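Here is a short walk through one protein chain, written to be read with the model open beside you.

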Amino acid sequence: MIRLAQLLLLLSAATLWGASRMVWVDVASFDGLGQPKAVALTGGSWSTALVPLAALLLVAAIAPIAVRSWRLGLLALIVAAMSAVTAYLAISLWVIRDVAPRAAHLAEVPVTNLVGTQRHYGGATITLVAATGALAGAVLLMRSVAKPRPALDRYERRRSERLPQDGAAMSERAIWDALDEGQDPTDPDNKGR
């Protein structure tokens with residue numbers, strides 16, 4: 001499950017980086033003196049957070065190699081928050097009524113010289129897909145925290161089954177003495193003595 005989450009996060013990071021390279025808004029301007037100018041604003045310039053979010057998703061995809069238990073759950077929450085921010089950046093292109101003032105500012109064109117703007121929704125759609133993939137990766141990471149890891153928990157289960165049930169826990173010294181004598185301190189037949 002963790003491997004699938006890592007794959008989703010890697011794909012989301014790559015998709016987000018690709019969306020940051022796509023054109024989101026075209027700006028046409030004319031100052032009355034020279035030729036009309038056209039400026040294409042990419043996702044990276046329209047929403048400057050796209051590239052850092054892609055880098056953070058890449059780091060989040062690698063992090064489960066070293067992170068376990070509650071830290072993995074915290075990582076999942078952070079990835080979910082990044083997914084929400086990414087979705088907001090994508091949806092904002094659709095819900096803004098007039099992109100002209102922001103587009104003119106980003107293209108460094110006076111608003112008085114602005115002839116028109118045109119939105120391209122492809123990059124925003126791909127960004128929303130990346131946000132969905134990142135959210136799915138976060139959910140898988142969170143589920144892997146809740147699910148016991150059989151390889152690591154096998155010893156703990158076996159040890160808890162072998163420990164005395166009367167509540168008399170073995171002291172650390174008794175455990176080391178049993179090990180020095182070549183006995184298994186978790187074996188109920190030894191009784192830790």
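## Valine 139

In this predicted model, valine 139 has a relative accessible area of 43%, so it counts as partly exposed. Its place is in helix α6. If you look for glycine 73, you will find that 66 residues separate it from valine 139 in sequence, while their C-alpha atoms are 9.5 Å apart in space.

Helix α6 covers residues 122-146. With 25 residues at 1.5 Å a residue, α6 should span 36 Å, and the 37 Å between its end C-alpha atoms agrees with that.

Which residues of α6 are buried? They are Gly123, Ala124, Thr127, Ala130, Ala131, Gly133, Ala134, Gly137, Ala138, Leu140, Leu141 and Ser144. Their cover includes α1 (2-21), β1 (23-29), α3 (50-62) and α4 (70-95).

## Threonine 127

Threonine 127 also sits in α6, and it counts as buried because its relative accessibility is 0%. A polar atom of its side chain lies 2.8 Å from the backbone oxygen of glycine 123.

What does threonine 127 touch once neighbours within four places in sequence are left aside? Its contacts are Leu16, Ala19, Trp24, Leu50, Thr86 and Ala90.

## Helix α1

Now turn to α1, a helix of 20 residues. From first C-alpha to last it reaches 29 Å, close to the 28 Å expected at 1.5 Å a residue. Its buried residues are Ile2, Ala5, Gln6, Leu9, Ser12, Ala13, Leu16, Ala19 and Ser20. Seen down the helix axis, these buried residues of α1 fall within an arc of 150°, so they line one face.

## The nonpolar core

The largest nonpolar core holds 39 residues, and Leu9, Val25, Trp46, Leu57 and Val79 have the most contacts inside it. At least two residues of this core come from each of α1, β1, α3, α4, α5 (100-106) and α6. The largest share, eight residues, is supplied by α4.

Terms used. Residues numbered from 1 in each chain as written. Predicted model: local features only at pLDDT ≥ 70, side-chain atom pairs only at ≥ 80, totals over all residues. Heavy atoms only, no water. Helix = DSSP H or I, 4+ residues; strand = E, 2+ residues; numbered from the N terminus. Buried < 20%, exposed > 50% of the residue type's maximum accessible area, 1.4 Å probe, protein only. Polar contact = N/O pair within 3.5 Å; in protein donor to acceptor, adjacent residues only side chain to side chain. Contact = heavy atoms within 4.5 Å. Expected span 1.5 Å × (residues − 1). Core = buried A, V, L, I, M, F, W, Y, C linked by side-chain atoms within 4.5 Å. Arc of directions from axis to C-beta.
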